[in-house]
Amino acid sequence: MMNTETRVRPRSAEMFAEALRYIPGGVNSPVRAFRGVGGEPFFVNRALGAHIFDLDEREYVDYVGTWGPAILGHAPAVVVEAVRAAAGRGLSFGIPNPDEVEMARLLCDWVPSLEKVRMVNSGTEATMSCVRLARGFTGRDRIIKFTGCYHGHVDSLLVKAGSGALTHGRPDSAGVPAALAELTLTLPFNDPAAVRAAFEREGGQIAAVILEPVPANAGLYLARDGFLETLRDLCTQRGALLIFDEVMTGFRVAKGGVQELCGVTPDLTALGKVIGGGLPVGAFGGREDIMDMLSPDGPVYQAGTLSGNPLAMAAGLAQLRELERTNAWEKLETLGAAFEDGTRSALRRAGLRYTFNRIGSMFCLFFTENEVSDLASAQTSNREAFARFFHHSLDNGVYFAPSQFEAGFISTAHTAEDMAKTSEVVSKALLA
Ligand code: KE4
């Protein structure tokens, strides 16, 4: 039975009531509202390492990591120091500064597809800019995306198939004009035949195929062997651009992201989250001939007051350099494997055969026994059981993403003690 009295977080409840007066849904981003699991969100005003502290000073082991950026844990000293030093030199210039060049050089060195890159302030801006650039470069209008993939709140990408393997999208969000949504074809992930059919029917009009090469916004699942290669070949053959949205996977699954691991090089890449060390940063880049279409040299306009902001550059550079200095990806894999072992033994103890997907330090426990490799299979999960699991875990000091359709994140700050506590809590939460 859920330990209901610990569910009361009086000061968070008070703050949430106040928030509802001024902020839609009381939150600045919908997923924070706990609508996927019920109950009310809690508020945090302090975080350190793998732990967060709510307004009632309750402590939690954090497996969300502000949705990915906190790969070194919260407030890593090396990043905090870099921001402090940068702040003393000015908060924003709106004039080119050397750290923007250093960041661009590092990104082009690390990420296989990047010959040139431009900084923006969010993952949404990064994917939006990739789509506009692809349309400007190819002179075509249609975009292929995949159900279950999320690319930020870009009008052209807030679109999901109605039914059938190949369809013109219907807006997922009010406010997206049908005329725009119809330019987006939404296909099932891991379905090469559907992509081939789309190119057969509309190949000459397709500007780009955009995807998360490891979809992690419907829970987490992986591309089947050959799927990414098929997309690469079809785009090359038909003159469409391949766009990898690595906002979540960039610098996390490997130094050069999924494209380093899989050996498939997209034409454009969108980046975010880890790149900013917790501050608002996104980036997009790719082939030089495509990027040179951007203003001021080219006809595709894209801009941003705070793009390349000196504090954000300092934070991002400090985080990325620390990842490289410590070869963090090795430790993240070790921690991810330990977390997986703990979770699988908890499932065995509970007599459950739920599906657990993981790549490095990103994971998702689906409350279904089915293999999960696309949105449809992810949606066979039992959301009520997940909600009970989520709240029991939270009430016992472990914070997972408040939705079955999100990924979990482990940082280099998570300790064996955190893992042991988590495995113990998970064992009981699975039976909540
Ligand atoms: P932002 O605009 O939120 O920085 O990035 C959008 C975005 C783009 N591409 C991918 C693959 C993403 O995962 C995201 C944002 N991810 C969500 C978590 N599922 C952010 C959390 C939120 O929306 O509050």
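On a 1 Å grid over the protein atoms alone, a cavity is a set of points where a 1.4 Å probe fits but cannot get out, and a pocket is an open set with protein on both sides within 12 Å along at least five of seven lines; a lining residue has an atom within 4 Å of a point. This is a predicted model, in which local features need pLDDT of at least 70 and side-chain atom pairs count only at pLDDT 80 or more, while totals for chains, interfaces and linings use all residues. Residues are numbered from 1 along each chain as its sequence is written, and side-chain values use heavy atoms, with hydrogens and water left out. A search of the whole structure finds 2 cavities of 30 Å³ or more, and the domain assignment of the protein gives two parts, domain 1 (10-75 + 327-429) and domain 2 (77-325).

**Cavities**

- Rolling a probe the size of a water molecule over the atoms shows where empty space is left.
- The largest cavity holds about 150 Å³ of space, where a volume is the space filled by probe spheres set on the grid points, which are joined across faces, edges and corners.
- This largest cavity is lined by 17 residues, and Phe-363, Cys-364, Leu-365, Phe-386 and Phe-400 are the closest to its centre.
- At least two lining residues of the largest cavity come from each of α11 (328-350), β15 (362-366) and α13 (383-395), with helices (H or I, at least four residues) and strands (E, at least two) taken as DSSP runs and numbered from the N terminus.
- The largest share of that lining, 3 residues, is supplied by β15.
- Sorted by class, the lining of the largest cavity has 12 nonpolar, 4 polar and 1 charged residues, where Ala, Val, Leu, Ile, Met, Phe, Trp, Tyr, Cys and Pro count as nonpolar, Asp, Glu, Lys and Arg as charged, and the others, Gly among them, as polar.
- The second largest cavity has a volume of about 50 Å³, and among the residues that line it are Gly-49, Asp-62, His-74, Arg-252, Phe-409 and His-414.
- In the lining of the second largest cavity there are 4 nonpolar, 6 polar and 2 charged residues.

**The second largest pocket**

- About 550 Å³ of space lies in the second largest pocket, whose lining is made of 24 residues, with Glu-100, Arg-118, Met-119, Ser-307 and Gly-308 nearest its centre.
- Both α3 (98-110) and β4 (116-120) contribute at least two residues each to the lining of this pocket, which divides into 12 nonpolar, 10 polar and 2 charged residues.

**The two domains**

- The domain bounds come from an automatic or database domain assignment, and the C-alpha centres of domain 1 and domain 2 lie 25 Å apart.
- Contact, meaning heavy atoms within 4.5 Å, joins 31 residues of domain 1 with 35 residues of domain 2.
- Between them the two domains bury about 2500 Å², 65% of it on carbon and sulfur atoms; buried area is the accessible area (1.4 Å probe) that two parts lose on being put together, summed over both.

**Salt bridges**

- Side chains of opposite charge can pair when their charged atoms come close.
- The structure holds 21 salt bridges, each defined as a side-chain nitrogen of Lys or Arg within 4 Å of a carboxyl oxygen of Asp or Glu.
- Asp-292 forms a salt bridge with Lys-116, with the closest N and O atoms 2.9 Å apart.
- That pair links distant parts of the chain, since Asp-292 lies in the loop between α9 (288-291) and α10 (310-325) and Lys-116 in strand β4, 176 residues apart.
- Between domain 1 and domain 2 the count is 1 salt bridge, and the side chains of Glu-371 and Arg-224 also meet in a salt bridge (3.9 Å, N to O).

**Backbone and loops**

- The peptide bond from Ser-295 to Pro-296 is cis, with omega near 10°, and Pro-296 is found in the loop between α9 and α10.
- Phe-34, in the loop between α1 (10-22) and β1 (44-48), has phi near 65°, a positive value in a residue other than glycine.
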